[in-house]
Amino acid sequence: MNVLIVHAHPEPRSLGAALRDVAIAELTAEGHSVELSDLHAMGWKAVVDRADFPALDPGARLRVPSASGQAMATATLTEDVAAEQEKLRRADLLILQFPLWWFTMPAILKGWVDRVYAHGFAYGVGEHSDRRWGDRYGEGTFAGKRAMLIVTAGGWETHYSARGINGPIEDLLFPIHHGILHYPGYDVLPPFLVYRADRLDQAGFQEVAERLRQRMRMLDSLRPIPFRRQNGGDYLIPVLTLRAELTAPGASGFALHLTAEDGGDPRDPDPTR
């Protein structure tokens, strides 16, 4: 299996960097091919601007989706973006690895998504009609591929529980899992989470490292988060609202977009927990 790890931490001696190296070593030992995009080491440009579209008429107003689509269609994307797209095409599994900063991914990783996920590549693909609304949410460029997150957080696990002050971790990660990964077609694996990351001692690190090695060994068998597919009949097209009969009256929230395939809790499909 070809694996791409996109790593977003500015400190080479960080816990995240150490876990990245553990993951790479274990994946390699298991016979997988691993590519790494270390965004800070690469000096990744995080902001979308006119420089991303060198073929754009200097007098034209910058409309990012259309400029992105034109650059994609004419093969005039910048070299750094095109290189990352080629890595994504090669990868059977994408791993995004980052510290949870202000309840989401660091800006440099969001900038990687903003620039690499070009119109016509990760979005804006497929037929739009009265029966389909594009190839997205389970379909699209990355259909048949898998993705997962490796996330370190400073807070306690209870802080991110169903009744925790920070909100459920499933809800905080939903925009990434469902939007950035499921939207362009990935089957999304449960995240690998490390809490109280800045309090780990050596014994704690060894325990987390072994847990990560175990996760890397079971990637092929791990059940994806059961997100509903947009064009599978669960949503009314073109309004794209979930059919009322599929949920309890008055139900709301992110969990509506998952199915309990085995009668269990669809928000925690990781059998290792």
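The legends below describe close-up views of a predicted model.

**View 1. Confidence along the predicted chain.** Mean pLDDT for the chain is 92. Of the residues, 95% reach 70 or more. Residues 262-266 stay under 50 in pLDDT. For that segment the model has 6 contacts beyond four places in sequence.

**View 2. The largest nonpolar core.** This core holds 48 residues. Those that touch the most other members are Leu88, Leu94, Phe98, Trp112, Tyr117 and Leu181. At least two core residues come from each of strands S1 (2-7), S3 (93-99) and S4 (146-152), and from each of helices H3 (64-73), H4 (79-90), H5 (107-116) and H6 (169-182). H6 gives the largest share, 7 residues.

**View 3. Surroundings of Leu88.** Leu88 is one of the residues that touch the most other members of the largest core. With neighbours within four places in sequence left aside, the contacts of Leu88 include Leu4, Leu94, Trp112 and Val116. Leu88 is also in contact with Tyr117, Phe121, Phe142, Lys145 and Tyr186.

**View 4. Strand S3 and its two faces.** S3 is mostly covered, with 7 of its 7 residues buried. Side chains in a regular strand alternate between the two faces of the sheet. From S3, Leu93, Ile95, Gln97 and Pro99 point one way, while Leu94, Leu96 and Phe98 point the other way. The residues of both sets are buried.

**View 5. Pairing of S3 with S1 and S4.** S1 and S3 run parallel and are joined by 5 bridges. Across this pair, Val6 stands opposite Leu96 in S3. S3 is also joined to S4, in parallel, by 7 bridges. Here Leu94 has Ala147 of S4 as its bridge partner, and Gln97 stands opposite Ile150 in S4.

**View 6. Helix H5 in the β-α-β unit.** S3, H5 and S4 form a β-α-β unit that is right-handed. H5 is mostly covered, and 7 of its 10 residues are buried. These are Ile108, Leu109, Gly111, Trp112, Val113, Arg115 and Val116. The buried residues of H5 pack against strands S1 and S3, and against H4, H6 and helix H2 (39-42). Two of the buried H5 residues, Trp112 and Val116, are in contact with Leu88.

View 7. In S4, 6 of the 7 residues are buried, and the strand is mostly covered. Strand S5 (residues 187-188) pairs with S4 in the parallel sense over 2 bridges. Arg146 has Asp187 in S5 as its bridge partner. Strand S6 (residues 192-194) also runs parallel to S4, and 3 bridges join the two. In this pair, Thr152 stands opposite Val194 in S6.

Terms used
Residues are numbered from 1 along each chain as its sequence is written. This is a predicted model: local features need pLDDT of at least 70, side-chain atom pairs count only at pLDDT 80 or more; totals for chains, interfaces and linings use all residues. Side-chain values use heavy atoms; hydrogens and water are left out. A nonpolar core is a set of buried Ala, Val, Leu, Ile, Met, Phe, Trp, Tyr and Cys residues joined through side-chain atoms within 4.5 Å. Buried means under 20% relative accessible area, exposed over 50%, partly exposed in between (1.4 Å probe, protein chains only). Helices (H or I, at least four residues) and strands (E, at least two) are DSSP runs, numbered from the N terminus. Contact means heavy atoms within 4.5 Å. Two strands pair if DSSP finds at least two bridges between them. A crossover is right-handed if, with the strands pointing away from the viewer, the path from the first strand over the helix to the second runs clockwise. pLDDT is the predictor's confidence in each residue, from 0 to 100.
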